[in-house]
Amino acid sequence: MSTATVSTRPGAVLADLLPASRVRDAALVLGGAALTGLAAQLSVPVPGSPVPVTGQTFAALLVGTALGARRGFLSLALYALAGVVGVPWFAGGDSGAGSVSFGYVIGMLLASAVVGALARRGADRSPLRMAGTMVLGSAVIYAIGVPYLALAAHYSLAQAAAVGLVPFLIGDALKAALAMGLLPTAWKLAGKR
């Protein structure tokens, strides 16, 4: 009985465990965009906030981490572009760039590249580093989303933080905890550490 081992080059992300090809990369980019669009449909309104709780941010950060900076960014760029031109897959089936929460979509695009770059440096291989990666990715999303919300909804920055950041911190901690277990476990199952 033989055991197959997974061998990857240093600096690999989970997606690199699949045989390399342009078809693979295109499928991963499309799949990442679709996953983010599907996760955005898990949408729960937050009383007093124009921004719902969704699975979208978690999916965007996972896509960036699992695919790496380039493919993660391309996935989220495809997601954003398709949503802007009318695909109803932003939170709650919304589309277009006119939403007060569109800044979070822009933030997710940038965050996917940041977490993807960190994953190339091994940030997805241990629970503690994965938690830090998720926190940093979430911070990037809020750094773009909250000021955009303030401008679009005519809020002060403090008001925007009160309705577009504070209500989401507990959920973000839960998402980070889930990612802490999910990605390092995926590496262990793949035979890498």
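# Exercises on a predicted model

Arginine 125 and aspartate 124 form a salt bridge in which the closest N and O atoms lie 3.6 Å apart. The exercises below concern a predicted model, and each is followed by a worked solution.

## Exercise 1. A salt bridge and its surroundings

Determine whether arginine 125 is buried or exposed, and do likewise for aspartate 124.

*Solution.* 

Step 1. The cut-off is needed here: a residue is buried when its relative accessible area is under 20%.

Step 2. Arginine 125 has 14% relative accessibility and therefore counts as buried.

Step 3. Aspartate 124 has a relative accessible area of 0%, so this residue is buried as well.

Step 4. The salt bridge of arginine 125 with aspartate 124, at 3.6 Å, thus joins a buried arginine to a buried aspartate.

## Exercise 2. A residue with positive phi

Locate histidine 154 and describe its backbone phi and its exposure.

*Solution.* 

Step 1. Histidine 154 is placed in the loop between helix H5 (127-153) and helix H6 (157-164).

Step 2. Its phi is positive, about 60°, although the residue is not a glycine.

Step 3. Most residues other than glycine have a negative phi.

Step 4. With a relative accessible area of 72%, histidine 154 is exposed.

## Exercise 3. The largest pocket

Give the volume of the largest pocket and identify which residues lie nearest its centre.

*Solution.* 

Step 1. The volume of the largest pocket is about 400 Å³.

Step 2. Its lining comprises 30 residues, and those nearest the centre are Val51, Pro52, Thr54, Gln56 and Tyr104.

Step 3. Two or more lining residues come from each of strand S2 (53-54), helix H2 (56-67), helix H4 (102-120), H5 and helix H7 (169-189).

Step 4. Sorted by class, the lining has 18 nonpolar, nine polar and three charged residues.

## Exercise 4. The nonpolar core and its contacts

Identify which residues touch the most other members of the largest nonpolar core, and trace the contacts of valine 105 and alanine 80.

*Solution.* 

Step 1. The largest nonpolar core has 45 residues, of which Leu76, Tyr79, Tyr104, Val105, Met108 and Met134 touch the most other members. Helices H1, H2, H3, H4, H5, H6 and H7 each give two or more residues to this core.

Step 2. In soluble globular proteins, nonpolar side chains tend to be buried together.

Step 3. Apart from its neighbours within four places in sequence, valine 105 contacts Gln56, Tyr79, Ala80 and Phe90.

Step 4. Alanine 80 lies in helix H3 and is buried, at 10% relative accessibility. Leaving out residues up to four places away in sequence, alanine 80 touches Phe90, Val105 and Leu109.

Step 5. Alanine 80 and glutamine 56 are 24 residues apart along the chain, and their C-alpha atoms are separated by 12 Å.

## Exercise 5. Alanine 82

State where alanine 82 is found and which residues it touches beyond four places in sequence.

*Solution.* 

Step 1. Alanine 82 is found in helix H3.

Step 2. At 13% relative accessibility, alanine 82 counts as buried.

Step 3. Beyond four places in sequence, alanine 82 touches Val87 and Trp89.

Technical notes:
Residues numbered from 1 in each chain as written. Predicted model: local features only at pLDDT ≥ 70, side-chain atom pairs only at ≥ 80, totals over all residues. Heavy atoms only, no water. Helix = DSSP H or I, 4+ residues; strand = E, 2+ residues; numbered from the N terminus. Buried < 20%, exposed > 50% of the residue type's maximum accessible area, 1.4 Å probe, protein only. Salt bridge = Lys/Arg side-chain N within 4 Å of Asp/Glu carboxyl O. 1 Å grid on protein atoms, 1.4 Å probe; cavity = no way out; pocket = protein on both sides within 12 Å on 5 of 7 lines; lining within 4 Å. Points joined across faces, edges and corners; volume = space filled by probe spheres on them. Nonpolar A, V, L, I, M, F, W, Y, C, P; charged D, E, K, R; others polar. Core = buried A, V, L, I, M, F, W, Y, C linked by side-chain atoms within 4.5 Å. Contact = heavy atoms within 4.5 Å.
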